Amino acid sequence: MAVQWLRRLALAAVVLGGLWTWISRPEAHQVGVADAPAPRVGVPAPDFTLPALRDAQLIRLSDLRGRIVVLNFWATWCPPCRVEMPALHHVQHSIPDVVVVGVNQQESVERVDRFMREQALDFPIALDVQGEVNRLYRVRALPTTFFIDRAGVIRDIVYGGPLTKALIESKVSALR
Amino acid sequence: MAPIIQVFGFSVQAGPLAALIGFVAGLSFAARLARWRDVDGAAIHDAGFYGALAGLLAARFGYVVAHWSAYASEPLSALMPSLTALWPWTGWPVGLAVAGWMLWRKGMARAEVLDVLAPGVLLGAIGMAAADFLNGDSLGLPTTLPWGVALWGVVRHPVPLYEIAALVIIAGSAVVSVRRPLPAGAVALGALAAYAMARVAVDGFRADGALLAGLRVSQLAGVGVSAVALWLLSEVLATSVPAHRNPTHFIEAESHADNSQ
């Protein structure tokens, strides 16, 4: 009795399951709804413009399209952020077509500049004085690092640190 | 969505934490259920623990080997633990192989073990679904229903919550079934069939995932797996002899009656 019932259920699973699979198939316009810029893997990175630490210039993320971007949120008071800075500096200068952008979190220009000089670091630093890019990327802990491919799509996110040189290089090599 | 939560002043990744809680709870639960099927619960616990440990080490080793050009200049950094530097293609096979070998060595490569593991695995899946929800993964289609969740600026079906609801029902049914005198393997096959059907139903509300000819691959796989699992379940029931129809049961009962006379 139960055996017959189960065999009928197996048949029903194929028919009804197949029917639901067909009815619930996504429309073309629904497939793309997840592609709006957001701070998550697989979708375009939200664009932003922030003042650079040096040269009185602006750093606009969309201007870096076509290059691999390592977007690192950091602050001088954050110990793991300080530890991983030399590794980020090394990657910026050793791998072509990679741009490391450090987004400093709400600290003064003087403080950030002094830290960069003391550590002999010279990769681009964006000053997020108001914390607006922090909110845009929903950064809840420092450091947080986004790996963005040449098309501007986020391919990996690393929460916490410190990142080693090898880890950053391995993440970047996956995007090359 | 909360990928990072604060625990006693420390920033913790919510997704991996939920997955870890699901794994530990599932393993402990499976070990506790083992006594209902005359299975060694401690052996299940050990197999799960060492399997997970071996899987993590293999995943880390696989990642380092796959990116050796990056690690060659500073090989000691390979020893630094990192949840984002793991390679699942080595981790899962090695973890499962070690757990399976430990069970086989104890003579536990039996269908009863799968029955005992089924509720625990489902509990672990609840943890994974919770991790998806906290990470903001498994996007649902846009909806105007009152239980929709705002995610990345759009109100969407909370697909991981649907999955959790289905898993709770299936896991509860599996726990009840483990305590019943069903043929070996029946609970595991029933749970597999129910889970596959739940995926067919729930994934109909997903906005991501792979497509094949315009249909979701996960749903197509779910249809196939549920049908095969139900068919195998019917075969298990057809070839097994229920306890109350077991001829030896009657012989024992008759001899017991003779002795009492």
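Buried means under 20% relative accessible area, exposed means over 50%, and partly exposed is in between (1.4 Å probe, protein chains only). By that rule Asp38(B) counts as exposed, because its relative accessibility is 70%. Keep that scale handy for what follows.

A word on the ground rules. This is a predicted model, in which local features need pLDDT of at least 70, side-chain atom pairs count only at pLDDT 80 or more, and totals for chains, interfaces and linings use all residues. Residues are numbered from 1 along each chain as its sequence is written, chains are lettered from A and ligands numbered from 1 in the order in which they are written, and side-chain values use heavy atoms, with hydrogens and water left out.

**Chain B at a glance**

Chain B has nine helices and six strands. Helices (H or I, at least four residues) and strands (E, at least two) are DSSP runs, numbered from the N terminus. Along the principal axes, the C-alpha atoms of chain B fill a box of roughly 80 × 50 × 45 Å. Out of 261 residues in chain B, 41% count as buried. Contact here means heavy atoms within 4.5 Å. Of the contacts in chain B with a separation of 6 or more, 64% are between residues 24 or more positions apart.

**Two helix pairs**

Two packed helices are described by the angle between their axes and the distance between the axes. Axes are lines fitted to C-alpha atoms, for helices over the stretch in contact, and angles run from 0 to 180 degrees between N-to-C directions.

Take α1(B), residues 14–33, and α2(B), residues 41–66: they pack at about 155°, with axes 8 Å apart. The crossing of α1(B) and α2(B) is right-handed. A crossing is left-handed if the near helix is turned anticlockwise from the far one by less than a right angle, and right-handed if clockwise. On the α1(B) side, Phe23(B), Leu27(B), Ser28(B), Ala30(B) and Ala31(B) meet residues of α2(B) including Ile44(B), His45(B) and Phe49(B). Sorted by class, this contact of α1(B) with α2(B) has seven nonpolar, four polar and no charged residues. Here Ala, Val, Leu, Ile, Met, Phe, Trp, Tyr, Cys and Pro count as nonpolar, Asp, Glu, Lys and Arg as charged, and the others, Gly among them, as polar.

Helix α2(B) also holds Ala43(B), which is buried at a relative accessible area of 6%. Its C-alpha is 8.1 Å from that of Ala31(B), 12 residues apart along the chain. Leaving aside neighbours within four places in sequence, Ala43(B) is in contact with Leu103(B), Lys106(B) and Met108(B).

The other pair is α5(B) and α7(B), whose axes come within 7 Å and cross at roughly 30°. This crossing is left-handed. Leu114(B), Asp115(B), Ala118(B) and Leu122(B) of α5(B) make the contact with Ala186(B), Val187(B), Ala188(B) and Ala191(B) of α7(B). By class, that contact has seven nonpolar, no polar and one charged residues.

**What covers a helix?**

Which elements do the buried residues of α6(B) pack against? They pack against α1, α5 and α7 of chain B. Among those buried residues are Tyr162(B), Leu167(B) and Ile170(B).

In α8(B), the buried residues include Val223(B), Leu230(B) and Leu233(B). Their cover includes α1 of chain A, together with α7 and β6 of chain B.

Most residues other than glycine have a negative phi, and most peptide bonds are trans.

| Where | Backbone feature | Value |
|---|---|---|
| Leu142(A) to Pro143(A) | cis peptide bond | omega about -5° |
| Gly161(A) to Pro162(A) | cis peptide bond | omega near 5° |
| Asp38(B) | positive phi | near 55° |
| Ala213(B) | positive phi | about 55° |

Pro143(A) sits in the loop between α5 and β6 of chain A, and Pro162(A) in the loop between β7 and α6 of chain A. Asp38(B) is in the loop between α1 and α2 of chain B. Ala213(B) lies in the loop between β5 and β6 of chain B and is exposed, with a relative accessible area of 77%.
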